[in-house]
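Subject: Structure handover and findings

Hello,

Here is the structure for your files. Please open it alongside this note. My findings follow below.

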Amino acid sequence: MADTLILVLIDGLGLQSACEAMGYMNALCEARLARLHPVRSELPSLSRPLYECILTGVRPVHSGIVDNAVVRLSTQQSVFHLAANAGLRTAAAAYYFISELYNESPYNAVRHRFQDDAGKPIQHGCFYDNDSYPDDHLLLDAEYLRRRHDPHFLLIHPMNVDDAGHREGGHSPCYRNTVRRLDSLLSLYMPAWLEQGYQVMVTSDHGVNGDCTHGGTLPLERDVPLFVAGDRFNLDCMESPDQTMLCGLACDILGVEGHGKPTLPGFLR
Ligand SMILES: [Zn+2]
């Protein structure tokens, strides 16, 4: 069965802050309209390696994308590749690393900020390269793509939480308040998405430690949330997927057959 999917990848959002500072997302869980699963990030707990992990199901040490400084197209099959090859429409409002992994590398802001090419894995893209690009504007970019192109798979990738963590640390009021603002933003969009039948996954690549960084093995760096909402998710499933299973689950939701990615039996209905 094929459904539409929105993947919200909140950069740098740790599990503890997701539990404590996201009142709207946790309200959905308390009402049994969503479920929060803890996920342990793969290593290193860095952005580009984990975008690749989440979107292809391949660990960094196997994909070769082991650092943010590895700038090249992915050699793996991503959700974007698999969905586009299955005849589905794909879109992303995301940080420029995503363009460098799947569409255009290296990124040139003048040429690559807006992309529309049915022959690319990401058919419709709106990319940014400033870590303080406001989350509310990023959500508007995503909503433009959704309304204009009606994608089957839409990636939404806000950066302000990670940016706040780098400035003041993963324990700081600045960090938690940025999470609260994003939760409030999601509350403005999620009801319409769910009403319109989208399946929604809200997760993160990694958290941020007290040293204003990430990359290592601390729980603050590795423990991230996975909120799932939509009628394809089995909210009674007690098991949480590995980060490498998110790609396969996305493909299953989209009805992409024969993707060969790891997945978690019983997680979907
Ligand atoms: Zn970061």
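A term first: buried means under 20% relative accessible area, exposed means over 50%, and partly exposed is in between (1.4 Å probe, protein chains only). This is a predicted model, in which local features need pLDDT of at least 70 and side-chain atom pairs count only at pLDDT 80 or more, while totals for chains, interfaces and linings use all residues. Residues are numbered from 1 along each chain as its sequence is written, and side-chain values use heavy atoms, with hydrogens and water left out.

Helices (H or I, at least four residues) and strands (E, at least two) are DSSP runs, numbered from the N terminus.

**Zinc site**

Donors are N, O and S atoms within 2.8 Å of the metal (3.2 Å for Na, K and Ca); water is not among the atoms, so sites may look incomplete. The zinc ion has these protein donors: Asp 162 (OD), Asp 162 (OD), His 166 (NE2) and His 214 (NE2). Along the chain the spacing reads D-x3-H-x47-H.

Why is the arrangement irregular? The 4 donor atoms subtend angles of 56 to 153° around the zinc ion. Four donors count as tetrahedral if all angles lie between 85 and 135 degrees; four count as square planar and six as octahedral if opposite donors are over 155 degrees apart and all others between 65 and 115; anything else is irregular.

Asp 162 and His 166 both come from helix 9 (residues 160-168). They are 4 residues apart, so about one helical turn separates them. Asp 162 is buried, at 3% relative accessible area. His 166 is partly exposed, at 34%.

**Strand 5**

Strand 5 (residues 124-128) is mostly covered, with 5 of its 5 residues buried. His 124, Cys 126 and Tyr 128 are on one side, Gly 125 and Phe 127 on the other.

Two strands pair if DSSP finds at least two bridges between them. Strand 3 (residues 90-95) pairs with strand 5 in the parallel sense over 5 bridges. Ala 91 stands opposite His 124 there. Strand 4 (residues 114-116) runs antiparallel to strand 5, joined by 3 bridges. Phe 114 has Cys 126 as its bridge partner.

**Aromatic pairs**

Rings of Phe, Tyr and Trp (its six-membered ring) pair if their centres lie within 6.5 Å; planes under 30 degrees apart count as stacked, over 60 as edge-to-face and the rest as tilted. The structure holds 11 aromatic pairs. Tyr 128 and Tyr 133 are stacked, at 4.9 Å centre to centre and 20° between the planes. Tyr 128 is buried at 3%, and Tyr 133 is buried at 15%.

Phe 233 and Phe 267 pair edge-to-face, at 6.1 Å and 80°. This pair links distant parts of the chain, 34 residues apart. Phe 233 is in the loop between strand 8 (223-229) and helix 12 (246-254), and Phe 267 is in the segment after helix 12. Both Phe 233 and Phe 267 are buried.

One aromatic cluster is formed by Tyr 51, Tyr 95, Tyr 96, Phe 97, Tyr 107, Tyr 128 and Tyr 133.

**Helix 3**

Helix 3 (residues 47-56) is mostly covered: 10 of its 10 residues are buried. Among them are Arg 48 and Tyr 51. Arg 48 lies over the face of Phe 97, 3.8 Å from the ring centre. That term requires NZ of Lys or CZ of Arg within 6 Å of the ring centre and within 35 degrees of the ring normal. Gly 57 follows helix 3, with a positive phi near 75°.

Best wishes
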